[in-house]
Amino acid sequence: MPTLPSSTYQKPWYLFNPHLETIYPALTRRIRDVRYRRERLWLQDGDFVDLDWVDNDSQKLIVLTHGLEGNTDRHYIKGMARRFSRQGWDVLGWNCRSCSGEINLKSRLYNHGEIGDIGEVVGHALQQKDYQHIVLIGFSMGGNISLKYTGANAENLPSPVKGVIAFSAPVDLGESAQLLDLPDNRFYKNRFLRMLREKITQKEAQFPGLVDLSKLDQIEKWKDFDNFFSAPISGYKDADDFYQQGSAINYMGPIRIPCLLVNALNDPILSPKCFPKAFCDDHPRIFLETPKYGGHVGFSGGGEGVFNWAEQRAWQFVQSIL
């Protein structure tokens with residue numbers, strides 16, 4: 001579909017650079033009126049993921065997927081859960097392997113390109129209830145996962161899955177990984193590495209010899225981390241293989257259901273290839289929206305009442321496709 005020519009999003013005046021737009025809501029936004037019911041889903045390979053439900057006795061469901069080292073407690077997940085729950089939808093937020101507060105059992109963790117788990121999550125939801133409408137909504141890494149899953153399974157996607165929405169999605173992983181090495185992005189790189197170091201160390205304790213922990217001190221570029229750890233743990237040959245197989249843009253062509261990709265032009269960690277205008281212009285089902293502002297999973301304010309702009313935009317899009 002044609003790239004949407006403009007966006008209704010206007011950033012608050014006091015968020016005067018993309019880093020503030022990104023960090024401010026993460027530090028200040030607190031959502032306390034969403035109550036989850038937790039369920040542990042045992043996966044086919046003997047591992048588990050933890051699911052967080054909001055039940056409204058509905059036949060409509062949103063499935064929410066978080067970003068790198070996120071979880072269902074993140075403000076953007078709870079905010080979207082609140083938006084749809086107040087409209088009577090059921091909500092299913094799922095925590096990727098190792099992200100719910102307990103390390104997972106198998107040697108591998110999660111990654112941007114792993115779509116088997118979300119497939120099992122959707123299948124499990126349909127076993128629990130005869131949902132008629134399911135919409136997938138993902139943020140950052142979760143957006144990439146949702147888009148890749150939808151495209152890679154285009155021919156056998158469960159029929160109740162009616163749409164997919166991705167915010168701040170790094171649909172091209174290789175060049176976006178390089179952006180983390182820029183001096184201005186040192187905060188994000190160091191934060192991700194600090195959290196991932198802990199999990200890699202836990203994995204080595206679970207599976208001695210799985211990785212070489214001495215390489216943690218040899219990381220200079222983000223690609224080093226992916227070469228040393230992300231790729232081998234996840235079964236890729238190397239970082240380049242991971243970027244190729246993990247990037248949603250390489251799987252989005254076959255998508256057959258309405259899709260909205262919202263990436264802010266000032267997002268500090270998305271490369272130009274994450275704004276595939278020509279591709280989306282020629283695609284019959286994918287809308288690309290590129291607000292001038294928004295940062296990375298920011299989009300503070302700009303909505304109605306307690307909802308931010310992203311939550312309003314998602315609701316508007318869903319209303320337009322169902």
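Me: How many helices and strands are there in the protein?
Reply: This is a predicted model. Its secondary structure is made up of both helices and strands. The count is ten helices and eight strands.

Me: What radius of gyration does the protein have, and what does the globule rule give for 322 residues?
Reply: The protein is as compact as a globular protein of its length, because its radius of gyration is close to the value from the globule rule. Along the principal axes, the C-alpha trace spans about 50 × 45 × 40 Å.

Me: What share of the contacts with a separation of 6 or more joins residues 24 or more positions apart?
Reply: Contacts here are pairs with heavy atoms within 4.5 Å. Among those with a separation of 6 or more, the part from residues 24 or more positions apart is 76%.

Me: What percentage of the residues is buried?
Reply: A residue counts as buried under 20% relative accessible area. The accessible surface of the protein comes to about 13,700 Å², and 50% of that surface belongs to carbon and sulfur atoms. Of the 322 residues, the buried part is 57%.

Me: Is Tyr243 buried or exposed?
Reply: Tyr243 sits in helix H8, residues 239-246. Beyond four places in sequence, Tyr243 touches several residues, including Leu173, Ala177, Trp222 and Asp226. Its relative accessible area is 8%, so Tyr243 is buried.

Me: What distance separates the C-alpha atoms of Tyr243 and Val211?
Reply: Tyr243 and Val211 are 32 residues apart along the chain. Their C-alpha atoms are separated by 20 Å.

Me: Is Asp57 buried or exposed?
Reply: Asp57 lies in the loop between strand S2 (48-54) and strand S3 (60-65). Its phi is near 55°, a positive value in a residue other than glycine. Because its relative accessibility is 73%, Asp57 counts as exposed.

Me: What is the relative accessible area of Ser168?
Reply: Ser168 is placed in the loop between strand S6 (161-167) and helix H5 (173-179). Although Ser168 is not a glycine, its phi is positive, at about 55°. Ser168 is buried, with a relative accessible area of 0%.

Notes: Residues are numbered from 1 along each chain as its sequence is written. This is a predicted model: local features need pLDDT of at least 70, side-chain atom pairs count only at pLDDT 80 or more; totals for chains, interfaces and linings use all residues. Side-chain values use heavy atoms; hydrogens and water are left out. Helices (H or I, at least four residues) and strands (E, at least two) are DSSP runs, numbered from the N terminus. Buried means under 20% relative accessible area, exposed over 50%, partly exposed in between (1.4 Å probe, protein chains only). The radius of gyration is taken over C-alpha atoms; the globule rule is 2.2 Å times the number of residues to the power 0.38. Accessible areas come from the Shrake-Rupley method with a 1.4 Å probe; for residues, only the protein chains shown count as cover.
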